[in-house]
Amino acid sequence: GTVSVADVASRIDPTSVHLRAGDGRGGLDVLEQNYRYDLAGPERILERYLDTTIDALLENGDLRSGKLQSFGQGQIVLLSDRGLSMLQREKIVDLRFPSLPEGLITRPTLVWDVQSERPGAREVELSYLTNGISWHAEYVAVTNKDDTAADLSGWVSVDNRSGAAYPDARLQLIAGDVHRVQPERPTPRGVMDMRMAGAEAKVGFEEESFFEYHLYTLPRPTTVRDRETKQISLFPPARTGVEKVYEYQPHRDQKKIRVVLQFENSEENGLGMPLPKGKVRTYKRDSRGGQQFVGEDRIDHTPKDEEVRLGLGNAFDIVPERTVKNQTRVSDRVHEMTVETKIRNHKQEKVTVVVQERFWGDWEVIRSTHPTNKRDAYTAEWSVEVGPDVEEILEFTVRMRR
């Protein structure tokens, strides 16, 4: 027999279609499958009626009949017993055709030739990939007065431009770097699985490990309409401890000190769900109770018990000044450099600035006014405490060998 399904996405990948028996009994073979997308638009109907008689009703009430010879550039050419007529399309109020041309359809349709071991109704499962539908995660963090804690909420935004609606669907999102053969999908953030289902309403998604990714299942049905952007809560708002860090990285910006908000994605810290990549917008309440935007950053896919770092901007009242005071060539392969960094704090409270310098080759800090921490093979780090309205000076000498 032949089975047709018209309620599919218009941006479907036909090569990804898979139909199988859904009742677990088997005995259903797909002999052939076709994706028909020759839609009955005005131009396609006119193309199919070339050299065929049609009627054109003009705005003055005149009815013209004739064989359609051509169309385009705002004109329709008809051939009748009266000769050849070129009609302006803007003057035509109605074009009449005997019927819908064979083979044209009103919606994209999947058609299968199937063979079943027994007659009657069968439950089947249809799956396919489609372009035009994507999702991404977004987060909102609101810090407390002294920036030691934040209320964090997460949202999933589903953008549907696939040409189909998904009523009462079970929404499942896969977060991770899923590989696709070229041409790539329009979203690098994951894949989406939507099936018909029913469940009681709950807040947020249920998360589980899946292959090498993480699967987020919405435990209630939701309708995703075509040409709609839908936002759904990813998890209930959570209170988490945060730490504000001031970083001075001359290799990134020699004149600014970066402000970083960091926290651990752990159950002990009020979180613990693997976080899909997305944008985190951070707010803080002012002295009048208003909620002010203080910065945003993107996070990558973050497993539980890993640290999240948000670069929110540059400090206004903390000013660095870096000077290379001396460079000495000890030998052909060894030279020394002395660097002085002044940090002026115009805030009303003490701050700690983490200074990071990058070096190449075999290096060693041989003198320093502050304890040195070798962060990695290329980075030296100092923690410099600066009191209110005070200037603190960090000076070090580094020896480098090529």
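Ring pairs link F359, W363, W382 and F396 into a cluster, where rings of Phe, Tyr and Trp (for Trp, its six-membered ring) count as a pair if their centres lie within 6.5 Å, with planes under 30 degrees apart called stacked, over 60 edge-to-face and the rest tilted. The structure is a predicted model, in which local features need pLDDT of at least 70 and side-chain atom pairs count only at pLDDT 80 or more, while totals for chains, interfaces and linings use all residues. Residues are numbered from 1 along each chain as its sequence is written, and side-chain values use heavy atoms, with hydrogens and water left out.

A search of the whole structure finds eight aromatic pairs. In one of them, the ring centres of Y283 and F293 are 5.6 Å apart and the ring planes stand at 65°, so this pair is edge-to-face. Because Y283 belongs to strand 21 and F293 to strand 22 (residues 291-299), the pair ties together parts that are ten residues apart in sequence; strands here are DSSP runs of E with at least two residues, numbered from the N terminus. F293 is partly exposed, at 45% relative accessibility, on a scale where buried means under 20% relative accessible area, exposed means over 50% and partly exposed lies in between (1.4 Å probe, protein chains only). The rings of F359 and F396 also form an edge-to-face pair, with centres 6.1 Å apart and planes at 70°. Since F359 lies in the loop between strand 26 (351-358) and strand 27 while F396 lies in strand 30, this pair ties together parts that are 37 residues apart in sequence. F359 is buried, at 2% relative accessibility, and F396 is buried as well, at 1%.

In general, the strands of a sheet pair through backbone hydrogen bonds, in either a parallel or an antiparallel manner. Within this sheet, strand 25 (residues 334-345) and strand 30 (residues 390-401) are joined in the antiparallel sense over twelve bridges, and I343 has E392 in strand 30 as its bridge partner.

The side chains of R344 and E391 meet in a salt bridge (3.1 Å, N to O), the term being used for a side-chain nitrogen of Lys or Arg within 4 Å of a carboxyl oxygen of Asp or Glu. As R344 lies in strand 25 and E391 in strand 30, the pair ties together parts that are 47 residues apart in sequence. Both residues are partly exposed, R344 with a relative accessible area of 23% and E391 with 37%. By this rule the count comes to 26 salt bridges. Another of them joins K284 and D147, whose closest N and O atoms are 3.2 Å apart. This pair links distant parts of the chain, since K284 lies in strand 21 (residues 278-285) and D147 in the loop between strand 11 (133-143) and strand 12 (149-160), 137 residues apart. K284 is partly exposed, with a relative accessible area of 23%, whereas D147 is buried at 11%.

Strand 11 also contains Y139, which is buried with a relative accessible area of 1%. The side chain of Y139 reaches the backbone oxygen of P276 at 2.7 Å, a polar contact (a pair of N or O atoms within 3.5 Å, of which, within protein, one must be able to donate a hydrogen and the other to accept it, with residues adjacent in sequence counted only if both atoms are side-chain atoms). Among the residues that Y139 touches, not counting those up to four places away in sequence, are L152, F235, P276 and I299, contact meaning heavy atoms within 4.5 Å.

Seven of the ten residues of strand 13 (residues 166-175) are buried, so this strand is largely enclosed by the rest of the structure. Strand 13 pairs in the antiparallel sense with strand 16 (residues 213-217) over four bridges, and I174 stands opposite L215 in strand 16.

Terms used:
Pairing = 2+ DSSP bridges.
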